[in-house]
Number of protein chains: 2
Amino acid sequence: MNELALQDSPVERLSVAAVARGAKAASRLLASVPGARRDAALRAAADAIERRGLEILAANRRDCDEATRAVKEGRLSRSLFERLQIDQPAIAQMAAGVREVAALPDPLGRSLAITELDKGLTLYKESCPIGVIGIVFEARPEIVPQIAALALKSGNAVILKGGSEAQHSNQAMVQIWIDVFTSFPDIPAEAISLLYTRADVDEMLSRDDEIDLIIPRGSREFVRYVAGRSHISVLGNGEGTCHVYIDRMADLEMALNIAYDSKVQYPAACNAMETLLVHDEIAVVFLPEIISCFQAAGVEVRGCRRTFELAETLGIMPAMADDWGKEYSDLIVSIKIVDSADEAIEHINRYGSGHTESIVTEDTSAAAHFMERVDAAGVYHNASTRFADGFRYGFGAELGISTSKLHARGPVGLEGLTTYKYKLIGDGQTVASYAAGERTFNHRRIK
Amino acid sequence: MNELALQDSPVERLSVAAVARGAKAASRLLASVPGARRDAALRAAADAIERRGLEILAANRRDCDEATRAVKEGRLSRSLFERLQIDQPAIAQMAAGVREVAALPDPLGRSLAITELDKGLTLYKESCPIGVIGIVFEARPEIVPQIAALALKSGNAVILKGGSEAQHSNQAMVQIWIDVFTSFPDIPAEAISLLYTRADVDEMLSRDDEIDLIIPRGSREFVRYVAGRSHISVLGNGEGTCHVYIDRMADLEMALNIAYDSKVQYPAACNAMETLLVHDEIAVVFLPEIISCFQAAGVEVRGCRRTFELAETLGIMPAMADDWGKEYSDLIVSIKIVDSADEAIEHINRYGSGHTESIVTEDTSAAAHFMERVDAAGVYHNASTRFADGFRYGFGAELGISTSKLHARGPVGLEGLTTYKYKLIGDGQTVASYAAGERTFNHRRIK
């Protein structure tokens with residue numbers, strides 16, 4: 001494929017309004033496409049990604065060439081540049097990821113509840129697509145097939161806006177999906193489309209008649225920007241300020257492993273621990289051990305006043321007031337000594353972000369109390385906070401982790417892209433006959 | 001109880017910030033109060049409402065006296081005045097309603113899913129309270145015990161702001177709940193509180209650190225005002241523009257009954273039909289019949305061009321373009337002749353509000369197609385739209401009907417006041433051992 005062909009973009013640029021209207025119409029058709037057809041299209045897309053890998057690599061080379069200049073001129077960070085690059089193994093991985101989504105159970109048409117309201121009048125609660133989803137994501141082009149696959153699997157039309165650095169890569173990949181959809185007469189090509197500019201995003205945020213959900217991926221500031229500008233519901237990845245509390249009844253070897261894993265295994269993750277809470281009774285034994293483990297791994301330790309007094313000789317830093325609740329996303333940990341599980345719970349509920357919180361203890365009733373009282377998407381007993389993840393939870397694929405309490409909480413998989421509708425099937429029933437007392441409801445729960 | 005005592009309000013007026021902080025703290029304690037205790041407090045509240053009925057009636061008399069002056073001076077509508085009044089049977093009804101909520105199954109701690117991630121590492125998805133809910137409602141004081149009961153049953157703290165016309169009644173009732181909570185040592189009195197002014201509402205909308213959900217009840221404009229002013233999630237009753245489609249394969253007697261019931265049984269309801277869609281093939285037989293039924297019931301009929309031509313002699317009005325999608329909430333109906341079920345579906349998806357839509361037909365595959373393609377909270381086959389209601393659905397109690405697709409859709413019962421958390425119970429697992437391939441997930445679905 002030559003560069004000229006790529007310059008005359010095969011993706012037609014419509015206005016955002018036209019894209020949104022097309023997506024809405026497509027979403028209505030998509031809602032009744034059977035699961036087997038959606039899966040067939042997913043497998044066809046995986047094949048097309050492999051078959052047309054060179055196109056993707058050529059488009060990506062253009063993005064990388066431009067990004068190289070931008071890095072030289074200091075307009076782009078080295079780490080962003082590295083996330084932009086795609087190679088042949090990445091193509092194979094993308095195709096494999098799409099096939100994995102195809103193999104997941106159908107999230108649509110699931111029967112959530114059935115109630116017989118009266119003889120011959122039955123209410124079915126069934127999962128169905130949300131409709132049109134707008135997703136704004138960072139510059140990683142591998143995300144395109146992942147999002148496209150999740151959206152198609154869940155019967156939603158999707159409007160994508162990726163990082164501008166990855167524009168040609170994104171375009172090439174979206175075109176593959178459009179071509180696959182075009183080859184399936186029952187799947188509308190408007191079910192996927194791409195936007196290009198920041199102004200497009202602002203316009204998209206105003207299309208609340210057509211778009212049902214916005215998923216902003218990126219910095220916390222960006223998520224807030226989106227939520228503040230739109231009447232459309234937003235499913236945002238919240239910040240992750242996670243804690244591990246080592247109870248007085250903890251198995252200290254287990255505590256060491258869990259605290260270490262929660263901090264060190266991947267400190268940039270949102271499910272990494274930021275603050276370690278330690279019960280006073282075991283602090284004198286436990287703290288020197290964990291602190292030396294942390295220090296051996298290059299972790300900067302900041303201690304509360306009591307920790308500092310206990311471990312000053314170990315070369316730790318004092319924690320300042322603003323250390324509590326801070327998401328370091330780095331090899332830094334703050335440590336606080338508490339007098340009780342309740343003090344730990346209070347600290348977590350005050351400073352935590354409602355993401356994932358863990359207690360290490362052999363006392364199951366203390367664990368149960370902690371898990372009831374701590375207000376977070378994930379409450380763990382004797383496990384690392386790093387388990388908070390859609391793949392580890394067995395969801396097969398993940399859109400992000402929600403710290404919101406409504407609609408979807410915690411790791412969001414395909415279920416987070418569905419809603420439900422009530423289907424009521426009768427044989428001519430009117431409310432008047434119930435109001436008059438001629439008929440009465442029995443409300444027999446069938447499922 | 002004399003009036004002087006009421007003037008010195010027993011409900012202490014705290015700042016909104018203090019109320020919100022108190023509610024947050026209370027919500028955390030409430031989350032672990034067992035269901036049996038919550039139900040006992042509900043039954044105690046029902047008893048107290050009956051026992052202290054005279055207090056409520058005296059407070060209500062003050063509201064009614066002031067409202068009488070307001071009606072005379074033209075500051076208050078007669079219908080609002082009527083909804084303000086409470087009598088002895090209303091007291092008994094309120095108590096009975098609270099007892100009914102007490103008798104419902106516990107919405108908390110329900111096991112929604114269980115997955116064994118690996119031997120000894122099990123993930124539980126369990127229902128739990130949302131936290132703090134702010135509810136702004138119209139001037140009907142009977143709503144106070146209903147909301148208070150649903151909130152306590154679902155373990156949420158609640159901040160109420162009722163219509164100012166009902167201020168004394170609301171105050172008297174909230175005080176009863178506070179007194180009941182005070183007599184239960186494990187239930188914090190701050191779990192319920194009352195705000196007084198419109199400025200309080202604005203202040204409440206800004207307390208997104210403490211308040212998790214706002215439920216505005218009232219006019220569409222008010223719901224929009226709230227949604228536009230707050231970062232807090234809003235569960236709003238949407239407008240109800242419902243349709244009934246009479247298919248070419250309909251049983252016409254059934255069609256007559258359903259169309260009549262959907263419009264006439266209670267036209268002010270949000271689940272009443274606004275527009276009747278009729279297939280062309282049966283229009284000439286069906287329309288004269290239904291139109292004369294409507295007219296006998298005092299319904300004003302507005303027809304599309306084809307309806308008008310067919311039924312001009314029956315004395316109907318022509319429907320204007322803005323009749324489609326209009327919520328009359330009155331004895332007015334618009335009628336449109338369509339050439340196919342797909343045209344009906346398109347009309348509904350374009351003009352409907354996503355509330356409740358019904359098809360009348362003996363053709364089950366046409367019905368299934370309609371129910372897949374129509375994008376609404378309720379899609380009905382051979383049943384009146386008026387069935388869209390939490391009580392009729394068997395939810396026991398209802399907060400309203402949501403036309404939003406996220407979190408709660410359709411009639412919202414206790415389940416709409418809950419969210420879920422993931423509880424992960426392990427025996428010391430770390431992510432590092434899975435990353436290193438020493439252990440693997442089995443993701444065995446237990447429930």
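Two strands pair if DSSP finds at least two bridges between them. That rule applies at the boundary between chains in this predicted model. Strand 17 of chain A and strand 14 of chain B, residues 378-383, pair in the parallel sense. Five bridges join them.

Now widen the view to the whole interface. Chain A gives 60 residues to the contact, and chain B gives 60 residues. On chain A, several elements each supply at least two residues of the side that touches chain B. Among them are strand 1 (111-118), strand 2 (121-129), helix 11 (252-264) and helix 15 (364-373). Strand 14 (378-383) and helix 16 (431-435) of chain A also belong to that list. The largest share comes from strand 17 of chain A, with 11 residues. By class, this side of chain A divides into 26 nonpolar, 21 polar and 13 charged residues.

Next, chain A as a whole. Chain A holds 16 helices and 18 strands. Its C-alpha atoms fill a box of roughly 75 × 70 × 35 Å, taken along the principal axes. Of the 447 residues in chain A, 52% are buried. Take the contacts in chain A with a separation of 6 or more: residues 24 or more positions apart account for 72% of them.

Two packed helices are described by the angle between their axes and the distance between the axes. Helix 7 of chain B covers residues 143-153, and helix 8 of chain B covers residues 167-182. Their axes come within 9 Å and cross at roughly 30°. Angles under 35 degrees count as roughly parallel, so helix 7 of chain B is roughly parallel to helix 8 of chain B. The crossing is right-handed. Helix 7 of chain B brings Val144(B), Pro145(B) and Ala148(B) to the contact. Helix 8 of chain B answers with Asn170(B), Met173(B), Val174(B) and Trp177(B). By class, the contact has six nonpolar, one polar and no charged residues.

Finally, look at a single residue. Cys242(B) is found in strand 8 of chain B, residues 242-246. Is Cys242(B) buried or exposed? A residue is buried if 20 or more other C-beta atoms lie within 10 Å of its own. Cys242(B) has 30 such atoms within 10 Å, so Cys242(B) is buried. Leaving aside neighbours within four places in sequence, Cys242(B) is in contact with Asn271(B), Ala272(B), Met273(B) and Glu274(B), among others. Its partners also include His355(B), Thr356(B), Glu357(B) and Thr385(B). Leu314(B) lies 72 residues from Cys242(B) in sequence and 24 Å away in space, C-alpha to C-alpha.

Methods: Residues numbered from 1 in each chain as written. Chains lettered and ligands numbered in written order. Predicted model: local features only at pLDDT ≥ 70, side-chain atom pairs only at ≥ 80, totals over all residues. Contact = placed C-beta atoms within 7 Å. Helix = DSSP H or I, 4+ residues; strand = E, 2+ residues; numbered from the N terminus. Nonpolar A, V, L, I, M, F, W, Y, C, P; charged D, E, K, R; others polar. Axes fitted to C-alpha atoms, helices over the stretch in contact; angles between N-to-C directions. Parallel < 35°, antiparallel > 145°, perpendicular 65-115°, else oblique. Left-handed = near helix turned anticlockwise from the far one by under 90°. Buried ≥ 20, exposed ≤ 12 C-beta atoms within 10 Å, placed from the backbone.
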